[in-house]
Amino acid sequence: DEYKQLIHAARSHGAKLVAFMPPIYSESYISNKDGYDNYYKLMSDLFLPHERIINFNLPLYSKYTDDVSNFQDHFHLSRKGAEIFSLEFASQIDSLY
């Protein structure tokens, strides 16, 4: 509810919103796929159709999420992974404007 209120407040002040689903090492993601997918659906439902949702766990990014060297552990990015995903995130944001 707090996140929903935050999104509503941001919209009411004219903010342009972009949702970001951080990358998870694919083996960890697959082992709890239903739980992650349910969470992402819950979060995604808070955003309007015209608001971009960047989900780094889609198959499009599997060459990065399948590479364990992009992660310190199954959830936190290594320096290499942070560079890869930061550049991709920036590219996605730049494409909005």
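# A guided tour of a predicted model

Please bear in mind throughout that the structure on the screen is a predicted model.

**The whole chain.** Begin with the complete protein in view. Its C-alpha trace spans about 40 × 30 × 20 Å along the principal axes. Next, switch to a cartoon display, where five helices and two strands can be found. Followed along the sequence, these elements give the pattern α-β-α-α-β-α-α.

**Surface and interior.** How many of the 97 residues count as buried? The share is 28% of the protein. Consider also how the chain meets itself: among contacts with a separation of 6 or more, 64% are between residues 24 or more positions apart.

**The largest nonpolar core.** Select M21, I24, Y29, Y36, Y40 and M43. These six residues make up the largest nonpolar core. Which helix gives the most to this core? It is helix 3, residues 33-44, which supplies three residues.

Leaving aside residues up to four places away in sequence, Y36 touches I24, S28, Y29 and F75.

**The aromatic residues.** Hide the core and turn to the aromatic rings. A search of the whole structure finds ten aromatic pairs. One of them joins Y64 and F85, with a distance of 5.9 Å centre to centre and an angle of 75° between the planes. This arrangement is edge-to-face. The pair links distant parts of the chain, for Y64 lies in helix 4 (residues 62-65) and F85 in helix 5 (residues 79-94), 21 residues apart.

Colour the two partners separately. Is F85 buried or exposed? F85 has a relative accessible area of 3% and is therefore buried, since the cut-off for a buried residue is under 20%. Y64, in contrast, has a relative accessibility of 26%, so it counts as partly exposed.

**The aromatic cluster.** Together, F20, F56, Y61, Y64, F85 and F89 form one aromatic cluster. The edge-to-face pair of Y64 and F85 can thus be viewed alongside the other members of this cluster.

Notes. Residues are numbered from 1 along each chain as its sequence is written. This is a predicted model: local features need pLDDT of at least 70, side-chain atom pairs count only at pLDDT 80 or more; totals for chains, interfaces and linings use all residues. Side-chain values use heavy atoms; hydrogens and water are left out. A nonpolar core is a set of buried Ala, Val, Leu, Ile, Met, Phe, Trp, Tyr and Cys residues joined through side-chain atoms within 4.5 Å. Buried means under 20% relative accessible area, exposed over 50%, partly exposed in between (1.4 Å probe, protein chains only). Helices (H or I, at least four residues) and strands (E, at least two) are DSSP runs, numbered from the N terminus. Contact means heavy atoms within 4.5 Å. Rings of Phe, Tyr and Trp (its six-membered ring) pair if their centres lie within 6.5 Å; planes under 30 degrees apart count as stacked, over 60 as edge-to-face and the rest as tilted.
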